[in-house]
There are 2 protein chains.
Amino acid sequence: MQSRVIVALDVSEERAVNIASILGNQVYAFKVGYPLILGAGLGILNKISSQGKVIADLKIADIPEVSASIASQLTSGGASGVIIHGFTGRDVVRSCRKVTKELYVVAEMSHQGSLDFLSPRSEEIAIMAREEGADGIVAPATRPERIRKLKEVSGLKVLSPGVGAQGGSYTSAVENGADYVIIGRSITMSDNPVEALERIVSGK
Amino acid sequence: MQSRVIVALDVSEERAVNIASILGNQVYAFKVGYPLILGAGLGILNKISSQGKVIADLKIADIPEVSASIASQLTSGGASGVIIHGFTGRDVVRSCRKVTKELYVVAEMSHQGSLDFLSPRSEEIAIMAREEGADGIVAPATRPERIRKLKEVSGLKVLSPGVGAQGGSYTSAVENGADYVIIGRSITMSDNPVEALERIVSGK
């Protein structure tokens, strides 16, 4: 059965392809980020997309022309979804909306430093994301009350990272409104990824 | 003679290597960004670094662990300098400082959307960059008075993008305190990059 889990494949190419083949029909999507793309090249997107939906997470944060160029390369390469930052402004979101299938905008992040500059503007970023036609926002499982708030103000789907090694809980994220929960090491480092996934989803 | 110019190599791999071999000893550095790295792979850093200093500009904006992992890959791959965002907070800057030779922090950007969320916090970001030991900040030639202000509050070197296609001027950026000016298409799209560089630097 497909779960609400998005598996973050921040592992070697070999491990990523292996995990994707094992979990392909049990998770919502696979998140592919910088560490894997820099090592394996853009071709990894196609390899993973043969097993399931791919969300490319480079947290794009450049000027509109460059951001759209990156998003376009990722989409052509096989990514169904692309994650960008909202902090860089409305015109960046607009430029990326035009060249992506599914667009997700980071409204708030899971680490401590998010509180320095980003979190005070997160609600405005979430609202702007909705106004510009984004498919969802990213909000942290490490502060589950923020998932609830950011979903409430934007009305958008929420993808939530920060579960496991970073301290957030799957159950708490879902209870607070997360539509999809991003999980990395707890699954990808497990000797038995299927069992690890089941354990997390059942809240044990 | 070496100029204050950093050439942004947002072109094909073949063109990038060609431009680097032509301009290697006339510019301060070459800036290599996403579009080129995604297309050509990390190996491009080494190819360009044989001709001159390489600054990798992925505008890293992830959580501390992931940001440092990316910065570390870029440094190992041949980049002398790495550009990261500052709006993601102090802990991200600190984590990247440990794994880079030269670290540059984006304080403000050249596009319109920078004014939405980033620019109101740019001065604080610039000061934080200095406190965390960054080697410089990035501030836009499209708003040259901001170069002056951000340099004044931080005391750091300023790298300034936005000259040429985006509307900023080399002369105005330098007069307002830019230590290095980032130029892309005006040079890389020219039939005669040497002449284009000379024309820009002489303010003609």
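Reader: What share of the interface residues of chain B are also interface residues in chain A?

Author: It's 100%, so the copies meet through the same surface. Contact here means heavy atoms within 4.5 Å. Before going on: this is a predicted model, where local features need pLDDT of at least 70 and side-chain atom pairs count only at pLDDT 80 or more, while totals for chains, interfaces and linings use all residues. Residues are numbered from 1 along each chain as its sequence is written, chains are lettered from A and ligands numbered from 1 in the order in which they are written, and side-chain values use heavy atoms, leaving out hydrogens and water.

Reader: How many residues of chain B are in contact with chain A, and how much area do the chains bury?

Author: The size of an interface is often given as the accessible area lost when the parts come together. That loss is computed with a 1.4 Å probe and summed over both parts. Here 39 residues of chain B are in contact with 40 of chain A, and the two chains bury about 3300 Å² between them, 64% of it on carbon and sulfur atoms. Leu38(B), Phe87(B) and Phe117(B) supply 25% of what chain B buries against chain A, more than any other three residues.

Reader: Now inside one chain: in what order do the strands of chain A close into a barrel?

Author: Strands (E, at least two residues) and helices (H or I, at least four) are DSSP runs numbered from the N terminus, and strands pair if DSSP finds at least two bridges between them. In chain A, 8 strands close up in the order 1-2-3-4-5-6-7-8, with parallel pairing. Strand 6 (residues 136-138) is joined to strand 7 (residues 157-160) of chain A by 3 bridges; Val138(A), for one, has Leu159(A) as its bridge partner.

Reader: And Ser95(B), is that buried or exposed?

Author: Buried means under 20% relative accessible area, exposed over 50%, partly exposed in between (1.4 Å probe, protein chains only). Ser95(B), found in helix 5 (residues 90-97) of chain B, has 13%, so Ser95(B) is buried. Leaving aside residues up to four places away in sequence, Ser95(B) touches Pro64(B) and Ala68(B).
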